[in-house]
Amino acid sequence: MVSKYMEDTMSVDTVFAAAVEKLAQEQNKELKELVHNTMKLSTPDVSLREFKRIYRPDKQGRHRSLTLREAYEFSRAFGKTIDEMIALGLLEC
């Protein structure tokens with residue numbers, strides 16, 4: 001039986017966020033700017049904070065889900081398909 005902890009760690013959102021960070025580092029793109037352009041929240045700092053809540057909850061234990069539109073925009077920014085991003089994220093996790 002799989003524990004709940006393992007399921008949370010291997011969610012698609014977490015895998016996708018790992019791929020975004022890996023590709024941003026490889027392509028020398030600034031993560032804060034990339035996240036802000038995709039998520040379009042009030043400020044770049046808020047966008048980055050919300051992005052980090054995808055794979056690590058905040059102090060109150062709140063997670064954030066990645067929307068399909070956000071996943072699509074991230075994959076377009078890197079010139080990859082969503083499937084390629086998920087495959088890369090699985091290698092990182």
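So, helix 2 and helix 5 pack at an angle of about 25 degrees, with their axes 11 Å apart. The axes are lines fitted to C-alpha atoms, for helices over the stretch in contact, and the angles run from 0 to 180 degrees between N-to-C directions. That angle is why helix 2 and helix 5 are called roughly parallel; the cut-offs are under 35 degrees for roughly parallel, over 145 for roughly antiparallel, 65 to 115 for roughly perpendicular, and oblique for the rest. Helix 2 passes helix 5 in a left-handed crossing, where left-handed means the near helix is turned anticlockwise from the far one by less than a right angle, and right-handed means clockwise. In this pair, Phe 16, Val 20, Leu 23 and Ala 24 of helix 2 meet Ala 71, Phe 74 and Phe 78 of helix 5. Contact here means heavy atoms within 4.5 Å. By class, the residues of this contact are 7 nonpolar, no polar and no charged. For the classes, Ala, Val, Leu, Ile, Met, Phe, Trp, Tyr, Cys and Pro count as nonpolar, Asp, Glu, Lys and Arg as charged, and the others, Gly among them, as polar.

Before I go on, the ground rules. This is a predicted model, so local features need pLDDT of at least 70 and side-chain atom pairs count only at pLDDT 80 or more, while totals for chains, interfaces and linings use all residues. Residues are numbered from 1 along each chain as its sequence is written, and side-chain values use heavy atoms, with hydrogens and water left out.

Now the whole chain. The protein chain has 6 helices and 0 strands, where helices (H or I, at least four residues) and strands (E, at least two) are DSSP runs numbered from the N terminus. Of the 93 residues in the chain, 33% are buried. Buried means under 20% relative accessible area, exposed over 50%, and partly exposed in between, with a 1.4 Å probe and protein chains only. And if you take contacts between residues at least 6 apart in sequence, 56% of them join residues at least 24 apart.

Back to helix 2, this time with helix 6. The axes of helix 2 and helix 6 come within 7 Å and cross at roughly 90 degrees, and helix 2 and helix 6 are therefore roughly perpendicular. The residues in that contact divide into 12 nonpolar, 1 polar and 2 charged. On the helix 2 side they include Val 12, Val 15 and Phe 16, and on the helix 6 side they include Ile 82, Met 85 and Ile 86.

Which residues does Met 85 touch, not counting residues up to four places away in sequence? They are Phe 16, Ala 19, Val 20, Leu 23, Phe 74, Ser 75, Phe 78 and Lys 80. Met 85 lies in helix 6, residues 82-92, and it counts as buried because its relative accessibility is 0%. If you want a distance, the C-alpha atoms of Met 85 and Tyr 72 are separated by 10.0 Å, and those residues are 13 apart along the chain.

Next pair: helix 3 and helix 5. They pack at an angle of about 135 degrees with their axes 9 Å apart, so helix 3 and helix 5 are oblique to each other. Helix 3 passes helix 5 in a right-handed crossing. This contact divides into 6 nonpolar, 1 polar and 3 charged residues. Leu 34, Val 35, Thr 38 and Met 39 supply the helix 3 side.

On to helix 4, residues 44-55. Its buried residues are Ser 47, Leu 48, Glu 50, Phe 51, Arg 53 and Ile 54, and they pack against helix 2, helix 3 and helix 5. Take Ser 47: it counts as buried because its relative accessibility is 0%. Leaving aside neighbours within four places in sequence, Ser 47 is in contact with Val 35, His 36, Met 39, Lys 40 and Leu 41.

Lys 40 takes us to the loops. Lys 40 lies in the loop between helix 3 and helix 4, and at 59% relative accessibility it counts as exposed. Its phi is near 55 degrees, a positive value in a residue other than glycine. Most residues other than glycine have a negative phi. Asn 28, in the loop between helix 2 and helix 3, also has a phi near 55 degrees, and at 71% relative accessibility Asn 28 counts as exposed.
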